[in-house]
Amino acid sequence: MSEKNIQEAVKEKYGAAARQVAAGKTACCGGGAELSGCDPITRNLYDASEKGAVPSDAVAASLGCGNPTALAELKAGEIVLDLGSGGGIDVLLSAKRVAPGGKAYGLDMTDEMLALARENQKKAGVENVEFLKGTIENIPLPDNTVDVIISNCVINLSGDKDRVMREAFRVLKPGGRFAVSDVVIRGEVPSEVRKSMELWVGCIAGALQETEYQQKLQAAGFASVDVEPTRIYQVEEARDFLTAAGLDAEKVGPQIKDKFMSAFIRAKKPVAVACDCPPGCVDLPCCH
Ligand SMILES: C[S@@+](CC[C@H](N)C(=O)[O-])C[C@H]1O[C@@H](n2cnc3c(N)ncnc32)[C@H](O)[C@@H]1O
């Protein structure tokens with residue numbers, strides 16, 4: 001699938017999810033949702049106090065696979081950017097954590113999700129929030145303006161993950177933090193099984209392997225890269241979906257054991273980048 005087609009498929013899927021919430025239902029994420037109600041990926045990510053602090057439609061629209069805001073150690077006065085902000089739950093929670101003096105931006109390309117997020121902002125009565133329309137491959141913010149980038153189960157949807165990481169690096173201030181929840185694969189998985197599992201977790205463009213994730217972040221210029229598993233998916237959870245996809249769950253069980261997970265991915269934009277920058281160089285992150 002080309003990048004454009006991936007984006008269209010993603011917009012369609014999440015536009016439909018936003019319409020579902022606007023009609024009073026709960027959005028569901030991975031393909032498992034159709035078979036078993038809301039899937040184990042999005043379930044129980046937020047505690048009662050977090051859920052109580054935002055409008056119920058922001059909770060109903062939650063389609064993440066982690067809780068990056070809780071792990072990002074946000075401080076008052078910081079500028080936060082949420083890549084693929086959906087119904088806005090992590091933006092609204094972040095806005096509270098960076099007040100007073102800070103601001104939380106949400107970035108999303110799907111009109112219905114932006115409308116839902118802005119409605120949720122209104123209901124929450126939160127001022128230090130702004131939702132931007134755009135793609136995570138082309139972030140509509142200037143260089144060196146953001147303290148913390150968060151994201152919740154969105155980078156796996158991108159058809160150009162290198163570009164997303166370069167863009168994240170560009171908009172972060174020196175010393176800025178990348179603090180993202182995402183689906184990650186640990187080790188090798190046969191391609192047919194991998195495709196079915198990715199459909200189950202809702203990864204349209206495909207999840208990255210843990211080592212690829214680390215390498216791509218380093219290639220974009222990030223340092224102190226760390227991948228910490230937060231939820232490891234069990235074959236039992238995906239059994240019905242795998243069976244419907246024509247796979248023998250008993251047989252594929254050992255092939256996927258401990259390999260599909262939600263993880264919290266941390267990295268830092270170095271404060272001072274030592275660079276022997278050759279004249280005219282534009283490729284090395286430290287040259288711009
Ligand atoms: C899985 S949902 C997650 C939403 C939100 N982060 C949450 O935790 O509920 C993915 C969201 O990312 C948005 N999205 C996906 N790919 C994107 C891209 N390339 N650029 C901007 N937004 C994107 C979708 O429109 C959707 O709202």
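Predicted model: local features only at pLDDT ≥ 70, side-chain atom pairs only at ≥ 80, totals over all residues.

Reader: How many residues surround the ligand, and which are the closest?

Author: A residue is near a molecule if one of its heavy atoms lies within 4 Å of it. Here 23 residues surround the ligand, and the closest are Leu-63, Gly-84, Asp-108, Thr-110 and Glu-137. A backbone N or O atom of Leu-63 is 2.7 Å from an oxygen atom of the ligand. The protein covers 99% of the 590 Å² of accessible area that the ligand has on its own (Shrake-Rupley method, 1.4 Å probe; for residues, only the protein chains shown count as cover).

Reader: Is Asp-182 buried or exposed, and which side chain of opposite charge is nearest?

Author: Buried means under 20% relative accessible area, exposed over 50%, and partly exposed in between (1.4 Å probe, protein chains only). A salt bridge requires a side-chain nitrogen of Lys or Arg within 4 Å of a carboxyl oxygen of Asp or Glu. Lys and Arg count as positive and Asp and Glu as negative, whereas His and the chain ends are not counted. Asp-182 is buried yet has no salt bridge, and the nearest side chain of opposite charge, Lys-161, is 7.4 Å away. The side chain of Asp-182 does make a polar contact with the side chain of Asn-156, at 2.6 Å (a pair of N or O atoms within 3.5 Å; within protein, one must be able to donate a hydrogen and the other to accept it, and residues adjacent in sequence count only if both atoms are side-chain atoms). Asp-182 belongs to strand S5, residues 172-185 (helices, H or I, at least four residues, and strands, E, at least two, are DSSP runs numbered from the N terminus).

Reader: Which residues of helix H8 are buried, and what do they pack against?

Author: An α-helix has 3.6 residues a turn, so residues three or four places apart point the same way. In H8 (residues 161-171), the buried residues are Lys-161, Val-164, Met-165, Glu-167, Ala-168, Phe-169 and Val-171. They pack (heavy atoms within 4.5 Å) against strands S1, S4, S5 and S6 and helix H10.

Reader: How many salt bridges does the structure hold, and which parts of the chain does the pair of Arg-97 and Glu-50 link?

Author: The structure holds 18 salt bridges. In one of them, Arg-97 and Glu-50 have their closest N and O atoms 3.4 Å apart. This pair links helix H6 (residues 89-98), which holds Arg-97, to helix H3 (residues 48-52), which holds Glu-50, 47 residues apart. Arg-97 counts as partly exposed because its relative accessibility is 34%, whereas Glu-50 is buried, at 9%.

Reader: Where do Glu-210 and Arg-186 lie?

Author: The side chains of Glu-210 and Arg-186 meet in a salt bridge of 2.8 Å, N to O. Glu-210 is in helix H10 and Arg-186 in the loop between S5 and H9, 24 residues apart.

Key. Residues numbered from 1 in each chain as written. Heavy atoms only, no water.
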